[in-house]
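Biologist: Please put the sequence and structure on display. I would like to go through them by question and answer.

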Amino acid sequence: MRNIEVCFSPELIHLHDLQGKIVVVVDIFRATSTMIAALANGINEIMTFADLEACREMRGKGYLIAAERNGLKVENYDLGNSPVAFLKDDYSGQKLAMTTTNGTLAISKSSQADEILIGAFPNLSATVAYIQQQEKDVLVHCAGWKGRFNLEDSLYAGALVKSLESTHAADEDGALAMKSLFEKEGHQLSAYLSKASHAKRLQNHGIEADIDFCLTLDLYDLVAKVENEKVKPISF
Ligand code: MLT
């Protein structure tokens, strides 16, 4: 039996040992959901940045550039952080550079891991299938909101703990608590997470379709992994 644990914020990641582990970075609303949508709809690779300027410079290197802060698209970038945007237009063969408020920061703070996977509800089962083929412990790294706990990432952590219960022991309080929460609320993701503070923030910006997309289970049989600072789909 392997182990699984949960880190609720990038501000707490220094308290966890990432060595030898698979770290699943999750930012349900919306960064990791957007990455999965982009890769599933033609984007070849994604480079992620915590810094706006570093991301902007990628335009000169042939990348589409995307930036979001506080839920809103940043001016003078090609895209914001909407997963639905990748369903509408054809981005086949293109490369994307993106920076967001929390999700891309969580990726940058996971570099000590053995492997970094991109977790979202639209590719949950694919991620579970891949992890169960690896003989490694798992840490779910929740992006949270500006260092604080958030409900949607933590509930995804509960979904992963529950889905891996036959191969990974949840003997850590965070994993135990989120497993119980998912067992109680997992059957009504939309209704339950409509109360989440960032869902309300997005709704205040008139952003509804993204929320529905981010809470849709298993749209894609796709596993996304960070290799050499690039997020790419992997086959296994
Ligand atoms: C983030 O990185 O915090 C989120 O993805 C924010 C958002 O897209 O609204």
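**Contacts, ligand and backbone**

Biologist: Which residues does lysine 136 touch, not counting residues up to four places away in sequence?

Modeller: This is a predicted model, in which local features need pLDDT of at least 70 and side-chain atom pairs pLDDT 80 or more, whereas totals for chains, interfaces and linings use all residues. Residues are numbered from 1 along each chain as its sequence is written, and side-chain values use heavy atoms, without hydrogens and water. With contact taken as heavy atoms within 4.5 Å, lysine 136 touches Arg2, Gly20, Ile22, Asp114, Glu115 and His168.

Biologist: What distance separates the side chains of lysine 136 and glutamate 115 in their polar contact?

Modeller: Lysine 136 belongs to the loop between helix 5 (124-131) and strand 8 (138-142); helices (H or I, at least four residues) and strands (E, at least two) are DSSP runs numbered from the N terminus. A polar contact is a pair of N or O atoms within 3.5 Å; within protein, one must be able to donate a hydrogen and the other to accept it, and residues adjacent in sequence count only through side-chain atoms on both sides. For lysine 136 and glutamate 115 the distance is 2.5 Å.

Biologist: How much of the ligand's area does the protein bury?

Modeller: Oxygen atoms of the ligand lie 2.9 Å from a polar side-chain atom of arginine 30 and 3.0 Å from a polar backbone atom of alanine 31. Alone, the ligand exposes 260 Å² (Shrake-Rupley method, 1.4 Å probe). The buried share is 100%.

Biologist: What is omega for the peptide bond between phenylalanine 29 and arginine 30?

Modeller: Arginine 30 is in the loop between strand 2 (22-26) and helix 1 (31-40). Most peptide bonds are trans. The bond joining phenylalanine 29 and arginine 30 is cis, with omega about 15°.

Biologist: What is phi at asparagine 228?

Modeller: Asparagine 228 lies in the loop between strand 10 (223-227) and strand 11 (230-234). Although asparagine 228 is not a glycine, its phi is positive, about 50°.
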